[in-house]
Amino acid sequence: MNDLGIMVLLVGVLFLILASGVWIGLTLSGVAWIGMQLFSSRPAGDAMAVTIWGSSSSWTLTALPLFVWMGEILFRTRLSQDMFRGLAPWMQSLPGRLLHVNVAGCAIFAAVSGSSAATCATIGKMSLPELQRRGYPEMISLGSLAGAGTLGLLIPPSIIMIVYGVAADVSIAQLFIAGVIPGILLAVLFSGWIAIWAITHPGQIPPADARLSFVQKLRESRHLIPVVLLIAAVLGSIYGGIATATEAAALGVLGSLALSAAQGSLSWATFRDSLLGGTRLYCMIALILAGAAFLTLSMGYIGLPRHLAEWIGSLGLSQWQLVLALSLFFILLGCFLDGISMVVLTMGVIMPTIQKAGIDPLWFGVFIVIVVEMAQVTPPVGFNLFVLQGMTKKDIATIARAAFPFFLLMVGMVVLLYLFPQIVTFLPEQMKN
């Protein structure tokens with residue numbers, strides 16, 4: 001059987017097993033075992049045991065459960081209410097007023113969460129009832145939250161960046177720092193669109209609350225101090241070279257426990273629920289990563305990645321054509337798979353092609369995170385759409401329609417990254433120096 005026939009067979013088996021309801025991690029391992037057993041001379045059982053143990057015992061991967069736990073702890077504290085109180089007074093004078101709290105709140109929480117779904121759910125619980133009570137239009141409220149919630153993937157610490165770093169053998173600390181400027185820029189684009197929408201729909205924005213003096217605004221902003229200090233401690237320790245990503249994650253967990261204790265919201269129930277919630281999420285991710293590592297090894301023995309890279313290289317695609325083709329591929333894939341599965345499923349095949357085309361793996365990591373962000377707001381498998389559907393009981397199509405302008409802004413962001421790669425590479429270069 002030729003390479004195309006093998007690939008069609010394995011992809012068919014993959015989707016057949018997925019459609020039957022088997023967990024993604026087990027599906028990946030099963031397809032890898034079938035591939036090695038049928039098309040390789042290496043004993044599949046021995047390879048599976050060695051690969052899964054090696055991927056599961058990685059020290060670099062230790063940062064992942066710690067950042068997940070940190071987000072879970074903060075998810076269960078009074079952080080969201082405090083963030084609203086601290087941000088709202090400064091947003092009243094902007095076109096769109098409190099709609100900007102969705103963007104600013106998501107950007108801040110993203111810097112201590114690492115999860116798109118957690119960011120969207122936490123800020124949504126805080127902002128949606130408040131915006132509805134004040135009479136803000138529902139569609140722009142939902143759209144801005146769905147779009148801004150994706151910042152949880154881009155602004156470090158990011159769970160998917162850790163997954164990409166492990167899968168593609170790229171420095172996680174450099175990936176984190178590389179995501180800072182693109183994350184801030186994307187948040188500015190979201191706020192800019194909200195301002196333009198508000199200016200063109202002046203009658204739909206409720207009047208401002210009573211004006212506060214500058215001193216009163218500062219007094220309300222004191223509620224932001226704890227979370228800002230936590231962000232500074234986690235990212236500052238990485239950027240300054242004081243701590244690795246794993247050590248910074250441990251610092252973040254200790255800081256979030258101290259923060260929740262100071263708020264008076266750290267109880268045994270909160271601690272237990274955050275630990276169990278983080279464990280459940282990490283176990284799911286770890287199983288997917290283990291299965292993907294075995295699938296990558298299997299593909300390597302069969303020779304598919306090398307042959308695919310050679311085939312794509314023979315097409316003579318320029319860099320921009322390759323980036324465009326991969327963007328369309330990942331957006332399409334995102335209609336059926338979650339972001340982490342997309343990354344781990346494709347890295348073994350895609351990375352040789354990227355390296356052959358001369359694309360910086362660090363730049364590609366930020367690029368792929370933004371494309372995965374798009375997948376978070378595309379039906380039928382858009383995680384942020386699911387979160388908002390559960391919170392509002394609206395149908396997926398309505399929420400996806402509300403989020404569509406923010407999807408287009410992310411497309412524009414990909415174009416900006418391609419035209420100006422320094423947006424990604426500037427801070428990592430400064431970090432090296």
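Visitor: Which residue just after H16 takes a positive phi?
Guide: In this predicted model, helix H16 covers residues 268-302. The residue with a positive phi of about 95 degrees, just after H16, is Gly-303.

Visitor: What distance does H16 reach from its first C-alpha to its last?
Guide: Helix H16 has 35 residues. At 1.5 Å a residue, a span of 51 Å is expected. The model is close to that value, for the helix reaches 51 Å.

Visitor: Is Asp-169 buried or exposed?
Guide: Asp-169 is found in the loop between H10 and helix H11 (172-178). Its phi is near 60 degrees, a positive value in a residue other than glycine. The relative accessibility of Asp-169 is 73%, and the cut-off lies at over 50%, so Asp-169 counts as exposed.

Visitor: How does Arg-97 count by its relative accessibility?
Guide: Arg-97 lies in the loop between helix H5 (79-91) and helix H6 (99-113). Although Arg-97 is not a glycine, it has a positive phi of about 45 degrees. Because its relative accessibility is 22%, Arg-97 counts as partly exposed.

Visitor: Are H4 and H15 roughly parallel or roughly antiparallel?
Guide: The axes of helix H4 (residues 63-75) and helix H15 (residues 245-263) come within 8 Å and cross at roughly 20 degrees. Angles under 35 degrees fall in one class, so H4 and H15 are roughly parallel.

Visitor: How many nonpolar residues are in the contact of H4 with H15?
Guide: H4 passes H15 in a left-handed crossing. On the H4 side the residues include Leu-66, Trp-69 and Ile-73, and on the H15 side they include Ala-249, Val-253 and Leu-257. The contact has no charged residues and four polar ones, and its nonpolar residues number 14.

Visitor: Is H4 roughly parallel or roughly antiparallel to H10?
Guide: The axes of H4 and helix H10 (residues 159-168) come within 10 Å and cross at roughly 175 degrees. That angle therefore makes the pair roughly antiparallel.

Visitor: How many nonpolar residues are in the contact of H4 with H10?
Guide: H4 contributes Ala-63, Leu-64, Phe-67 and Val-68, while H10 contributes Ile-159, Ile-162 and Val-163. No polar and no charged residues take part, and the nonpolar count is seven.

Visitor: Is Phe-190 buried or exposed?
Guide: Phe-190 is found in helix H12 (residues 180-200). Leaving aside residues up to four places away in sequence, Phe-190 touches several residues, among them Val-103, Leu-151, Phe-406 and Met-410. Because its relative accessibility is 0%, Phe-190 counts as buried.

Technical notes
Residues numbered from 1 in each chain as written. Predicted model: local features only at pLDDT ≥ 70, side-chain atom pairs only at ≥ 80, totals over all residues. Heavy atoms only, no water. Axes fitted to C-alpha atoms, helices over the stretch in contact; angles between N-to-C directions. Helix = DSSP H or I, 4+ residues; strand = E, 2+ residues; numbered from the N terminus. Parallel < 35°, antiparallel > 145°, perpendicular 65-115°, else oblique. Left-handed = near helix turned anticlockwise from the far one by under 90°. Contact = heavy atoms within 4.5 Å. Nonpolar A, V, L, I, M, F, W, Y, C, P; charged D, E, K, R; others polar. Expected span 1.5 Å × (residues − 1). Buried < 20%, exposed > 50% of the residue type's maximum accessible area, 1.4 Å probe, protein only.
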